[in-house]
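Work through the exercises below with the model open. Try each task before reading its solution.

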Amino acid sequence: MLEKKARPGYRRILKTSAKTLIVIEAILFGVSYAGWYRLNTNRDFRYYVKENYPSVLEAYYQLGETFSGDKKIRAYDEGIWQQEQQAKK
């Protein structure tokens, strides 16, 4: 009769850990993409981020300037926000 050998416990732990890591990475990628998409398409959200997390908005602008080479989004946002502040006064 053939004896069944138990699988080593470390292999099962490695497989489970790898699957968990892949799922966590996929979730984090989805969350970061959703945040980038919202920053990219919603000026009000950019203003919220400017007020609460200015370093995140600065990183977003720098990344955009690095890849596209223009500062239009930053200048446009600043112009709109200045107009809105003047209208409130």
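Predicted model: local features only at pLDDT ≥ 70, side-chain atom pairs only at ≥ 80, totals over all residues.

**Exercise 1. The largest pocket**

Task: Describe the largest pocket by its volume, its lining and the helices that supply the lining.

Solution: 
- Start with the volume. The largest pocket holds about 170 Å³ of space.
- Next, list the lining. It has 14 residues. Nearest the centre lie Tyr 60, Tyr 61, Gly 64, Glu 65 and Ile 73.
- Sort the lining by class. Six residues are nonpolar, three are polar and five are charged.
- α1 (9-41), α3 (54-68) and α4 (72-88) each supply at least two residues.
- Find the main contributor. α3 gives the most, with seven residues.

**Exercise 2. The largest nonpolar core**

Task: Which residues make up the largest nonpolar core, and which element gives the most to this core?

Solution: 
- Recall the background. Nonpolar side chains tend to be buried together in soluble globular proteins.
- Apply the cut-offs. Members must be buried, at under 20% relative accessible area, and joined through side-chain atoms within 4.5 Å.
- Collect the members. The core has seven residues: Leu 39, Phe 45, Val 49, Leu 57, Tyr 60, Tyr 61 and Trp 81.
- Assign them to elements. α2 (43-52) and α3 give two or more residues each. α3 gives the most, with three.
- Inspect one member. Leave out residues up to four places away in sequence; Val 49 then touches Leu 39, Pro 54, Val 56 and Leu 57. Leu 39 and Leu 57 are also listed in the core.

**Exercise 3. Aromatic pairs around Tyr 48**

Task: Classify the ring pairs that Tyr 48 forms with Phe 45 and with Tyr 53.

Solution: 
- A ring pair is described by the distance of the centres and the angle of the planes.
- Count the pairs. There are six aromatic pairs.
- Take Phe 45 and Tyr 48. Their centres are 6.2 Å apart, with 25 degrees between the planes. Planes under 30 degrees apart count as stacked, so this pair is stacked.
- Phe 45 and Tyr 48 are three residues apart in helix α2, so about one helical turn separates them.
- Take Tyr 48 and Tyr 53. The centres are 6.4 Å apart and the planes stand at 70 degrees, so the pair is edge-to-face.
- Tyr 48 is partly exposed, at 44% relative accessible area. Tyr 53 is partly exposed too, at 46%.
- Look elsewhere. Ring pairs also link Tyr 33, Trp 36 and Tyr 37 into a cluster.

Notes
Residues numbered from 1 in each chain as written. Heavy atoms only, no water. 1 Å grid on protein atoms, 1.4 Å probe; cavity = no way out; pocket = protein on both sides within 12 Å on 5 of 7 lines; lining within 4 Å. Points joined across faces, edges and corners; volume = space filled by probe spheres on them. Helix = DSSP H or I, 4+ residues; strand = E, 2+ residues; numbered from the N terminus. Nonpolar A, V, L, I, M, F, W, Y, C, P; charged D, E, K, R; others polar. Buried < 20%, exposed > 50% of the residue type's maximum accessible area, 1.4 Å probe, protein only. Contact = heavy atoms within 4.5 Å. Phe/Tyr/Trp six-rings, centres within 6.5 Å; stacked < 30°, edge-to-face > 60°.
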